[in-house]
Amino acid sequence: MQDQFDRDINYLRLSVTDLCNLRCVYCMPESGVTKLRHEDILSVEEIEEIVRAAAALGITKVRLTGGEPLVRHGILDICRRVAAVQGITETCLTTNGTLLPKYARELREVGVNRLNTSLDTLDPVRYAEITRGGDLNDALRGIDAARDAGFDVLKINTVLIGGVNDGEIRDLVDLTRDGRTHVRFIELMPIGASADWAGARFLENSAVLRAVPELVAADSDGVARLYRLPDTDGTVGLISPISSHFCPTCNRVRVTSDGKLKPCLHSSDEINLRGLHGDALAETLRAAIYGKPQHHTLDGTTTSNSARSMYAIGG
Ligand code: SAM
Ligand code: SF4
């Protein structure tokens with residue numbers, strides 16, 4: 001459906017858990033997060049009901065996220081139910097990849113079409129630092145497992161952190177040379193765990209174009225500006241929420257694992273969906289989507305207005 005600013009809202013990002021097996025410095029507090037009570041997170045049935053209601057309003061793409069969606073008990077059942085909802089043509093999942101060796105094949109079997117894997121570095125020491133203890137090999141094995149399971153096209157999400165991984169831009173871009181890996185550089189956002197230091201480490205995505213000047217512009221893809229190395233099909237995407245607001249083309253809304261709809265990532269507005277069914281759920285969703293704010297106010301000098309951290313929103 002269209003929102004009040006005539007944007008076609010067809011994409012729902014659905015967080016299925018706040019928990020994670022990593023502790024990325026820009027996302028989670030070092031101590032981890034307090035586990036929500038079982039009854040405080042959306043059940044598999046509630047998720048399915050929300051997706052059905054959203055599909056009836058024109059949502060065609062759902063991305064399951066978290067926290068780490070693969071630590072959610074029942075994740076395969078969730079994926080199966082979401083993929084089976086009439087009108088949902090794309091069921092995607094964003095993961096840190098470390099549990100893909102266990103799940104990749106089954107994710108494919110239950111109807112997940114696409115995977116995004118987060119990977120900020122190819123250096124094992126740096127990986128352990130950024131994720132506070134993660135093993136790069138687990139993430140790389142996860143990417144291999146996804147390929148083996150038949151996820152031919154794979155997107156890798158990389159958060160650029162000034163002075164930390166910007167020296168690896170070219171190596172990360174080179175991953176696209178196989179023609180089927182797509183790398184998306186995401187600007188570091190000052191939210192939650194990174195609210196008070198992201199400004200100092202912020203690097204505009206234009207750093208990618210400076211590091212790899214032979215990149216040529218390709219089509220844009222939703223919120224990402226796309227580029228390619230000459231003679232490769234793999235794309236390099238720049239997602240620049242800070243340096244270049246993509247709000248005019250924003251096509252998404254989010255639902256948190258405890259059932260709050262967030263019309264805008266960086267707004268404090270949250271609309272409760274729990275306990276709503278049938279017409280009440282449909283009407284609440286319709287009103288919330290219609291009322292999506294025109295734009296957020298992040299500009300490199302401010303911090304997010306969101307009351308939640310990224311692990312509690314899903315990115
Ligand atoms: N655990 C999964 C993962 O890491 O892919 C899914 C959830 S994670 C919150 C989703 C995405 O948000 C990841 O690509 C992560 O790098 C990104 N992210 C988290 N905090 C961020 C921040 N402060 N700025 C920019 N991106 C962030
Ligand atoms: Fe976990 Fe993803 Fe957040 Fe890293 S970015 S701590 S993997 S939820």
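Colleague: Why is the crossing in which H1 passes H9 called right-handed?

Modeller: H1 passes H9 in the right-handed way. This is a predicted model, in which local features need pLDDT of at least 70, side-chain atom pairs count only at pLDDT 80 or more, and totals for chains, interfaces and linings use all residues. Residues are numbered from 1 along each chain as its sequence is written, chains are lettered from A and ligands numbered from 1 in the order in which they are written, and side-chain values use heavy atoms, with hydrogens and water left out.

Colleague: What makes H1 oblique to H9?

Modeller: The axes of H1 and helix H9 (residues 278-290) cross at roughly 60° and come within 10 Å. Under 35 degrees counts as roughly parallel, over 145 as roughly antiparallel, 65 to 115 as roughly perpendicular and the rest as oblique, so H1 is oblique to H9. Axes are lines fitted to C-alpha atoms, for helices over the stretch in contact, with angles from 0 to 180 degrees between N-to-C directions. Helices are DSSP runs (H or I, at least four residues), as are strands (E, at least two), numbered from the N terminus.

Colleague: How is H1 placed against H2?

Modeller: Helix H1 (residues 44-56) packs on helix H2 (residues 75-84) with axes 9 Å apart, at an angle of about 20°. H1 is therefore roughly parallel to H2. The crossing is right-handed.

Colleague: Why are H2 and H3 called roughly parallel?

Modeller: The axes of H2 and helix H3 (residues 100-109) cross at roughly 25° and come within 10 Å. H2 and H3 are therefore roughly parallel, and their crossing is right-handed.

Colleague: Which backbone atoms make polar contacts with ligand 1?

Modeller: A polar contact is a pair of N or O atoms within 3.5 Å; within protein, one must be able to donate a hydrogen and the other to accept it, and residues adjacent in sequence count only if both atoms are side-chain atoms. A polar backbone atom of Tyr 26 is 3.2 Å from a nitrogen atom of ligand 1. For Thr 95, a backbone N or O atom lies 3.3 Å from an oxygen atom of ligand 1. A polar backbone atom of Met 189 is 2.9 Å from a nitrogen atom of ligand 1.

Colleague: Which residues are around ligand 2?

Modeller: They are Cys 20, Leu 22, Cys 24, Cys 27, Met 28, Gly 67 and Asn 96, each with a heavy atom within 4 Å of it.

Note on methods:
Left-handed = near helix turned anticlockwise from the far one by under 90°.
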